[in-house]
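Please look over the points below with the sequence and the model open.

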Amino acid sequence: MAHPSQLGFQDAASPIMEELLHFHDHALMAVFLISTLVLYIITVMMTTKLTNTNAMDAQEIEMVWTIMPAEVLIVIALPSLRILYLMDEINDPHLTVKAIGHQWYWSYEYTNYDDLVFDSYMLPTQNLNPGEFRLLEVDNRMVVPMESPIRMLISAEDVLHSWAMPSMGIKTDAIPGRLNQTTFIASRPGVFYGQCSEICGANHSFMPIVVETTPLGHFQNWSSSMQE
């Protein structure tokens with residue numbers, strides 16, 4: 001859950017999000033070094049008399065400022081491609097959940113079960129219990145087992161939506177007539193919040209996403225109670 005005045009990302013709740021956080025720090029360090037070098041050059045140019053005219057036509061300098069940016073791009077691109085391939089890997093998921101976006105709520109279908117389908121609406125402010133978050137809490141949470149590969153099938157019934165869960169490193173568009181796919185593994189139990197990240201209409205900001213990750217035994221008890 002994000003905090004007021006928070007500058008960084010939310011704490012990672014999946015291995016993919018941990019990789020994204022490491023890559024963010026890696027890329028930010030490259031940006032910091034480039035910015036420092038550019039600021040140093042500007043400062044030198046502003047405070048030093050330009051008496052050395054030999055630098056006006058130097059093949060060595062041109063080689064340096066051509067090769068260095070290419071090396072920086074390679075250093076940033078290779079880890080990025082690795083994470084992209086990791087995010088597309090789906091190996092033997094233990095559970096498949098289909099999320100369908102509506103105006104303006106989500107419906108979930110657990111395809112491994114015969115009759116486990118429910119809608120997830122935002123709770124009105126007057127119905128919140130102490131400790132629940134305004135504009136983020138829902139009446140039916142999406143419950144999944146922790147430490148298990150979960151496959152998400154995401155689509156929409158009417159307009160464009162986007163199923164986004166920052167702490168899991170997920171943001172997948174929900175497009176009418178198209179079925180998008182993503183995967184995640186929750187590394188710890190907890191309740192995680194997200195929102196539709198597509199401008200889908202007047203109530204776009206009022207269709208939150210809540211994922212509750214529990215041990216396998218608790219998930220089995222919950223699924224049994226939902227099917228009764």
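1. A polar contact here is a pair of N or O atoms within 3.5 Å; within protein, one must be able to donate a hydrogen and the other to accept it, and residues adjacent in sequence count only if both atoms are side-chain atoms. The Ser-120 side chain makes such an approach to the backbone oxygen of Asn-140, at 2.9 Å.

2. Some ground rules. The model is predicted, with local features needing pLDDT of at least 70 and side-chain atom pairs counting only at pLDDT 80 or more, while totals for chains, interfaces and linings use all residues. Numbering runs from 1 along each chain as its sequence is written, and side-chain values use heavy atoms, with hydrogens and water left out.

3. Ser-120 belongs to strand S3, where helices (H or I, at least four residues) and strands (E, at least two) are DSSP runs numbered from the N terminus. With a relative accessible area of 2%, Ser-120 is buried; buried means under 20%, exposed over 50%, and partly exposed in between (1.4 Å probe, protein chains only). Leaving aside residues up to four places away in sequence, Ser-120 touches Tyr-105, Trp-106, Tyr-108, Val-138, Asp-139 and Asn-140, with contact meaning heavy atoms within 4.5 Å.

4. How many salt bridges does the rule give? The count is 3, a salt bridge being a side-chain nitrogen of Lys or Arg within 4 Å of a carboxyl oxygen of Asp or Glu. One of them joins Glu-19 to Arg-82, with 2.9 Å between the closest N and O atoms. Because Glu-19 sits in helix H1 (residues 15–47) and Arg-82 in helix H2 (residues 59–88), this pair ties together parts 63 residues apart in sequence. Both ends are partly exposed: Glu-19 at 24% relative accessibility and Arg-82 at 46%.

5. Glu-137, Arg-141 and Glu-212 are linked in a network of salt bridges. Glu-137 pairs with Arg-141 at 3.0 Å between the closest N and O atoms, and Glu-212 pairs with Arg-141 at 3.4 Å. The latter pair links distant parts of the chain, with Glu-212 in strand S10 (residues 208–214) and Arg-141 in the loop between strand S3 (117–120) and strand S4 (142–145), 71 residues apart. Glu-137 is buried at 2% relative accessibility, whereas Arg-141 is partly exposed at 23% and Glu-212 is partly exposed at 24%.

6. The domain assignment, which is automatic or taken from a database, gives domain 1 (15–88) and domain 2 (95–227). The centres of domain 1 and domain 2, taken over C-alpha atoms, are 39 Å apart. Domain 1 brings 5 residues to the contact and domain 2 brings 6 residues.

7. What area is buried between domain 1 and domain 2? The value is about 430 Å², of which carbon and sulfur atoms give 58%; buried area is the accessible area (1.4 Å probe) that two parts lose on being put together, summed over both. On the domain 1 side, Pro-15, Met-17 and Met-87 lose the most area to domain 2, together 75% of what that side buries.

8. Across this interface of domain 1 and domain 2 the rule finds 0 salt bridges. Helix H1 gives the most to the side of domain 1 that touches domain 2, with 4 residues. By class, that side of domain 1 has 5 nonpolar, no polar and no charged residues; Ala, Val, Leu, Ile, Met, Phe, Trp, Tyr, Cys and Pro count as nonpolar, Asp, Glu, Lys and Arg as charged, and the others, Gly among them, as polar.
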